[in-house]
Amino acid sequence: MPIGFSLTFKLLLIAFGAVSVGLWLGETAGWVAACAGLALLHVLHVYQLARLQRWLQSPKADELPDPWGMWGAVFAGVYRALRMESRKRDEVSRDLELFTQAAQALPDGIAMLDSGDQLLWCNDTAAQHLGLQPGRDYGLRVTNIVRVPRLAAFLQDVPAEETLDFHPAHNAGQLLSLKAIPFSDGRKLLVSFDITKIERADTTRRDFIANVSHELRTPLTVIHGFLEHMSDATVMPAEQVRRHIALMVQQSDRMLKLVDDLLMLSRLEGSDAPQREERVDVHAMLHALADDARALSAGQHTINVTVDEDAAISGSADELRSAFGNLASNAVRYTPPGGAIALTWCVDEQNRGVFSVADSGIGIAAEHIPRLTERFYRVDRGRSRETGGTGLGLAIVKHVLLRHQAALHIQSEPGKGSEFRIVFPVWRGVVDKPAARADAA
């Protein structure tokens, strides 16, 4: 029943009763009856309002009062409204929690600032990037707690595409980039990106270009100088001509080797798996590599080979030959005359194939070992160029091993030699025999 109709009906009922009493007992009695009826109606409404007030202090469905008449509709309507409001509040809370979780999952930092650049909220990544403490720093001006040069000016005039790059004071080795995004009522989103790897890759690219240019320029300068000298000379002894030509051939061979290594490295970096899987005869390969090493050594080193006759592995023969050959030739180049070099293939306790190259050479200091597989990284640049190295050999080894799911382990000590071990996974299909044959020369 509508509330207005119910109240009107009750008032009419009181008026009818008062008129009836007045006709029966007189006018005064009628007025008294009317006043009593209105007073009783008022008391009942006050009572119901008091019940409603008590219930609203802690609205629970099982404690909802059970009033009569129009107050039943009022209580039910209030309860439905509160229930809908509670449901909407729960939905908003869930959405906010979902948004917070999504913001926390982002790899970039997000900080929300008000119109006065005071911190309203930030995710954990932003806290790590900017040195913030969520909760404690909320409400503080971000320029007072983040010590970044030019940050205040950057936030005052928010640029459309400009970013602010800086090294955080608490982590100088990290490079961050800030971007400010304005939104509602002067608020801003301060987004931080970790661009350390991007900058490192860009530095590597610049160094790579500079190193390639330098490596190619050196032999080209030699060849150009000899050609210029020969073209200017009217008469030149045949012996001098032959010497110049021999040096030009040597330098052109150096350039060809560098270009070949660059092409191979580019091909290896272009894919993650060998182009062709085949059964590689490790026994034949190691003996061929030993012959190449002896030719490079010119009889100045003792080169030993230990390998099973039936040893084999699944992979790319060309790539593995390149990787093994680079390790063997490096051992010859960095071992003084009279030293010993050992090429070994074995199967370890976990049934993994292991290729190792051990030498009695000059050794490598511990601080250089983590960077040996970088392109053009040399421990001794002068010696590397003297021995004909391009600086790409171990970079090629690294990429070949990545494509064959193998690992490179390096042990070295200055003055006592080095050992480079390549460990292949078991599923590469190593064939092992109990007896191994050793050859020496």
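Which residues of α8 are buried? They are His244, Met248, Gln251, Arg254, Met255, Leu258, Asp261, Leu262, Met264, Leu265 and Leu268. Here, buried means under 20% relative accessible area, exposed means over 50%, and partly exposed is in between (1.4 Å probe, protein chains only).

## What you're looking at

This is a predicted model, so local features need pLDDT of at least 70 and side-chain atom pairs count only at pLDDT 80 or more, while totals for chains, interfaces and linings use all residues. Residues are numbered from 1 along each chain as its sequence is written, and side-chain values use heavy atoms, with hydrogens and water left out.

The chain has 12 helices and 13 strands. Both are DSSP runs numbered from the N terminus: helices are H or I with at least four residues, strands are E with at least two. Of the chain's 441 residues, 36% count as buried. Take the contacts (heavy atoms within 4.5 Å) with a separation of 6 or more: residues 24 or more positions apart account for 59% of them.

Let's start with α2, which covers residues 27–57. The expected span of a helix is 1.5 Å times one less than its number of residues. In α2, the buried residues are Gly30, Ala34, Gly37, Leu41, His45, Gln48, Arg51, Leu52 and Trp55.

Now back to α8. Its 32 residues should span 46 Å, and its end C-alpha atoms are 46 Å apart, so that agrees too.

## How α10 meets its partners

Helix α9 (residues 282–297) and helix α10 (residues 317–333) have axes that come within 10 Å and cross at roughly 35 degrees. Axes are lines fitted to C-alpha atoms, for helices over the stretch in contact, and angles run from 0 to 180 degrees between N-to-C directions. On the α9 side, the contact includes Met285, Leu289 and Leu296, and on the α10 side it includes Leu320, Phe324 and Val332. Sorted by type, the residues of this contact are 10 nonpolar, three polar and two charged. Ala, Val, Leu, Ile, Met, Phe, Trp, Tyr, Cys and Pro count as nonpolar, Asp, Glu, Lys and Arg as charged, and the others, Gly among them, as polar.

What about α10 and α12? Their axes come within 9 Å and cross at roughly 145 degrees, and this crossing is left-handed. Among the residues that meet are Leu320, Ala323 and Leu327 in α10 and Leu394, Ile396 and Val400 in α12. This contact has seven nonpolar, four polar and two charged residues.

## The largest nonpolar core

A nonpolar core is a set of buried Ala, Val, Leu, Ile, Met, Phe, Trp, Tyr and Cys residues joined through side-chain atoms within 4.5 Å. The largest one has 45 residues, and Phe324, Trp345 and Phe355 touch the most other members. Elements that each supply at least two residues include α8, α9, β7 and β12. The largest share, seven residues, comes from α10.

## Two loop residues with positive phi

Asn351 sits in the loop between β9 and β10. Its phi is positive, about 65 degrees, although it is not a glycine. Asn351 is partly exposed, with a relative accessible area of 42%.

Gln405 lies in the loop between α12 and β11. Its phi is near 55 degrees, again positive in a residue other than glycine. Gln405 is partly exposed, at 39% relative accessible area.

Note on methods
Left-handed = near helix turned anticlockwise from the far one by under 90°.
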